[in-house]
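Let's look at how two protein chains meet, and then at one of the partners by itself. Keep the structure open beside you as you read.

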Amino acid sequence: MITEENLIKTLKKLDTKPSNGWANRVVQKIRNDNFHVTKDIEQRNTFSSLFYFLSYFYMSPRYKLFVTLGIVFVLLVTSGGVAYASDDAVPGDLLYPVDKAVESLNRVIISDPIAKAEFEVELLDERVAELEDLSEVSNGEVVGDANEEVEAQKNRVRERLEVLAELSVQNKLNTQEQQQLMQEVQNKLQVHEESMNQIKSNLENKGDVDNSQKLTEIKNQYSEEIGVEINKYESESGVQLNESEMENNQGEDTQIQNQNQNEVQNDGGNSDNGSSGGSSQSGGRN
Amino acid sequence: VNTQRIENKSDMEKIFIDLHVPIYRYIYYKTGQKRELAEDLTEDVFVKVWTNRASFRPEISSIKSWVYAIARYLVIDYYRKNKNIYDTSENEDIIHDKNDNLNQDDGILLDEVKKGLTRLNKKDREVIILRYINGLSIEEIADLIHKKSSATKVMIHRALKHLKKVVDSYDY
C-alpha cells in the first residue's frame with residue numbers, strides 16, 4: 001500500500017521533458033517567422049495511415065468530397081457493368097437476381113401507363129426467350145423456374161392491359177399509342193405461341209413431361225387472357241387489329257384517321273382531358 | 001514568465017523557453033503519454049499564443065494562465081475531434097520511459113503511477129497533473145478549471161485518493 005505522501009513524492013518525480021531537438025526546432029521557427037500550424041490536429045491520431053485513409057470520419061471536407069466522388073464513380077461503373085451483364089442472365093444464373101432487380105427499378109421509374117405496358121410486353125418477350133434457351137440445355141428444375149417466370153410475366157402483361165382498358169374508357173390515353181401497343185401485343189401473342197410450341201416440343205423430346213404440361217397450361221391461359229384483352233380493346237375502340245405486323249403497318253394510319261380523326265388533329269394525339277370521347281372532340285374544336 | 005506583453009519574436013521565444021516544458025508535460029500526461037503527439041500539440045499551443053497575441057489581456061490574467069488555458073482548450077478540442085481515441089490507453093512509453101537516477105523499487109513505483117494516471121478519468125487526471133506534476137497553486141488551478149478554490153481542493157484530494165486506489169491495486 002502506498003501512502004498519499006509517497007504518492008505525491010512520486011508524482012513530483014514525473015519530470016518528463018520534450019526532446020531538445022524538438023524544442024530547438026520550435027525556437028528556430030519562432031526566430032525565422034516560420035511559426036504556424038503545420039499539421040491538422042485530426043491527422044495526429046495514432047492509427048495507421050491505412051486505417052486513416054479508410055476512415056471516412058477523419059477526412060477533411062475536401063478529401064471527403066474526392067473520396068465520395070471516387071466511390072460513386074466506381075459504383076456507377078461497376079453497377080452499370082453488372083446491370084448490363086445481367087441483362088442476358090437466365091434463371092439459375094448468378095446475375096439473374098440483378099437482372100430482376102433492374103427490371104423492378106424500371107417498373108418504378110416508368111410512369112406512363114402505355115410505356116409501362118410496353119415494358120412488360122418486352123419482358124414477356126425476354127422471359128419466353130429465356131425459357132426457350134433453357135428448354136434446349138437445362139434440367140427440369142431450372143426450366144420449371146423459367147416456366148413460372150413466363151407465367152408471372154404473362155400475368156403482369158394482362159394486368160397492365162386491364163389498366164389500359166380502364167384508362168381508355170375514361171379517355172385518358174393517347175389512342176394512337178394505345179393502338180400501336182395493342183397491335184404489338186397481338187403480334188407478340190402469335191410469336192409467343194409459336195415459341196411455346198417449339199419449347200413444348202423440346203421438352204417432350206427430353207422427356208420433361210411435367211414442364212411440358214405446365215407450359216401447355218400457361219400457353220392456353222396466355223392465349224385466352226390476352227385474347228380477351230385484345231377483343232375488349234377492339235370492341236371498345238372499334239379498331240380491328242391486323243393478324244400480321246406488315247398488314248398492321250399498312251392499315252394503321254387509315255384506321256386511326258377513321259376512328260379518331262378529330263382527336264388526333266386537334267390535340268396532336270394527346271387527348272388527356274378526362275372527358276368522354278364525344279365531348280373531347282367537341283371541346284377540341286372550341 | 002517575466003514579460004507581460006507579446007510584442008515581438010523575442011517575447012515569444014522567451015515565453016516558449018519558460019513554459020514549453022510544463023505545457024508539454026501537462027499535455028503529455030493528459031493525452032495518454034505519447035511523446036510525438038504531445039510535442040505536436042505543445043507546438044500548436046505556442047503557435048496559438050503567437051497568432052492570438054493581440055487578444056491577450058495582461059490586466060485579466062497572467063501569461064502563464066493564458067497559455068495554460070490555451071493548452072487546456074486545445075486538448076479538449078483534440079479529444080472532441082478524435083472521439084474514438086482511447087484517452088486511457090497504455091502505451092510503450094509508459095513502460096520504457098524510465099528514470100536512470102531511480103533505484104529499482106522507485107522505478108517500478110514510478111511506472112505504476114504513470115500507468116495509474118492513464119486509468120483516472122479526465123478531470124482527476126487533470127488536477128493531479130496541474131497540482132503535483134506541474135506544481136500549480138490551488139488558486140491557479142481553480143482559475144483554470146473555473147471552480148472555486150475550496151471545490152478545487154476537494155477535487156484534488158479525491159483525485160489523489162482515486163490514484164492511490166489504482167496504484168494500490170497493482171500490488172496484488
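## Bridges across the interface

In this predicted model, two salt bridges cross the interface of chain B and chain A; a salt bridge here is a side-chain nitrogen of Lys or Arg within 4 Å of a carboxyl oxygen of Asp or Glu. E13(B) forms a salt bridge with R31(A), and their closest N and O atoms are 2.5 Å apart.

## Which parts of chain B take part

Six helices of chain B, namely α1 (9-30), α2 (35-51), α3 (63-81), α5 (104-119), α6 (122-133) and α8 (149-169), each supply at least two residues of the side that touches chain A. The largest share of that side, twelve residues, comes from α2(B). By type, the side of chain B that touches chain A has 26 nonpolar, six polar and 18 charged residues. Nonpolar covers Ala, Val, Leu, Ile, Met, Phe, Trp, Tyr, Cys and Pro; charged covers Asp, Glu, Lys and Arg; the others, Gly among them, are polar.

## Extent of the interface

In total, 50 residues of chain B are in contact (heavy atoms within 4.5 Å) with 36 residues of chain A.

## Chain A by itself

Chain A has eleven helices and zero strands; helices (H or I, at least four residues) and strands (E, at least two) are DSSP runs, numbered from the N terminus. Of its 286 residues, 37% count as buried, meaning under 20% relative accessible area with a 1.4 Å probe, protein chains only.

## How to read the values

Residues are numbered from 1 along each chain as its sequence is written, and chains are lettered from A and ligands numbered from 1 in the order in which they are written. Local features need pLDDT of at least 70, side-chain atom pairs count only at pLDDT 80 or more, and totals for chains, interfaces and linings use all residues, while side-chain values use heavy atoms, leaving out hydrogens and water.

Technical notes:
Buried means under 20% relative accessible area, exposed over 50%, partly exposed in between (1.4 Å probe, protein chains only).
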